[in-house]
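Hi everyone, thanks for coming. I'd like to walk you through one structure today, so let me put it up on the screen.

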Amino acid sequence: EGDGTGLTARPFYVGAGVGLDVGLNGGGALFGAEEDIGYRFFGFHLGDALDGAIFAGLSFGQAVGSNFIGLQFDVRGGVDLEVWDGGDLQLLVTPSITLGGGAFIVTVPDGFGNNVTSTNGAFDVGFSAQGELVMLDGLLGIWLRPLSFELYINSGVGALYELLGGVTIRL
């Protein structure tokens with residue numbers, strides 16, 4: 001039986017992904033990108049078949065549309081759960097949370113033929129879950145994050161859904 005230490009054999013990770021961001025308060029669809037760096041610091045074993053590892057890291061995200069640019073910087077924490085081990089391949093399910101802040105630049109017409117640009121900031125909190133296929137002795141992971149929701153809080157509250165896919169390299 002494992003003790004989760006296989007998941008922490010390569011504790012440092014860097015990753016990147018791209019996909020679609022959709023404003024749930026309006027605003028349409030945006031191109032989204034995210035870069036992550038972090039460390040897996042505690043491996044564990046649950047029951048007869050489930051290994052896991054707790055991780056923490058930093059995340060930098062971007063969202064770009066025709067009249068919108070969003071940048072966010074977050075702390076990410078979560079747990080990698082190994083739900084299948086096929087020897088050379090493993091399948092991880094990873095729930096995580098993010099906390100941080102963002103800056104948003106919006107350009108809109110003012111009704112007089114001019115474009116007006118405004119910038120504001122917000123606190124953000126997010127929850128996501130992703131699946132990841134890990135290969136090459138844990139070195140490379142290919143992931144899909146179908147569940148990702150973020151709240152942006154300043155004078156009001158905005159919400160965003162993200163669908164991202166990407167790669168992770170573990171060192």
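**Starting from one glutamine**

Let's begin with Gln90, which counts as buried because its relative accessibility is 13%, and the cut-off for buried is under 20%. Please keep in mind that this is a predicted model.

So what does the side chain of Gln90 reach at 2.9 Å? That would be the backbone oxygen of Gly87. The side chain of Gln90 also makes a polar contact with the side chain of Asp85, at 3.4 Å.

Now let's zoom out. Gln90 is part of strand 5, and strand 5, residues 90–109, pairs with strand 6, residues 115–135, in the antiparallel sense over 20 bridges. To find your place along that pairing, look for Ser96, which stands opposite Ser128 in strand 6.

Zooming out again, we have a closed barrel of eight strands, running 1-2-3-4-5-6-7-8 with antiparallel pairing. On average, neighbouring strands of this sheet are turned by 25 degrees against each other, direction ignored.

The largest pocket holds about 530 Å³ of space. Strands 1, 2, 3, 4, 5, 6 and 8 each give two or more residues to its lining. Which strand gives the largest share? Strand 8, with five residues.

In total, 30 residues line the largest pocket, and those nearest its centre are Phe68, Phe104, Tyr152, Ala159 and Leu160.

Conventions: Residues are numbered from 1 along each chain as its sequence is written. This is a predicted model: local features need pLDDT of at least 70, side-chain atom pairs count only at pLDDT 80 or more; totals for chains, interfaces and linings use all residues. Side-chain values use heavy atoms; hydrogens and water are left out. Two strands pair if DSSP finds at least two bridges between them. Helices (H or I, at least four residues) and strands (E, at least two) are DSSP runs, numbered from the N terminus. Axes are lines fitted to C-alpha atoms, for helices over the stretch in contact, and angles run from 0 to 180 degrees between N-to-C directions. On a 1 Å grid over the protein atoms alone, a cavity is a set of points where a 1.4 Å probe fits but cannot get out, and a pocket is an open set with protein on both sides within 12 Å along at least five of seven lines; lining residues have an atom within 4 Å of a point. Grid points are joined across faces, edges and corners, and a volume is the space filled by probe spheres set on the points. Buried means under 20% relative accessible area, exposed over 50%, partly exposed in between (1.4 Å probe, protein chains only). A polar contact is a pair of N or O atoms within 3.5 Å; within protein, one must be able to donate a hydrogen and the other to accept it, and residues adjacent in sequence count only if both atoms are side-chain atoms.
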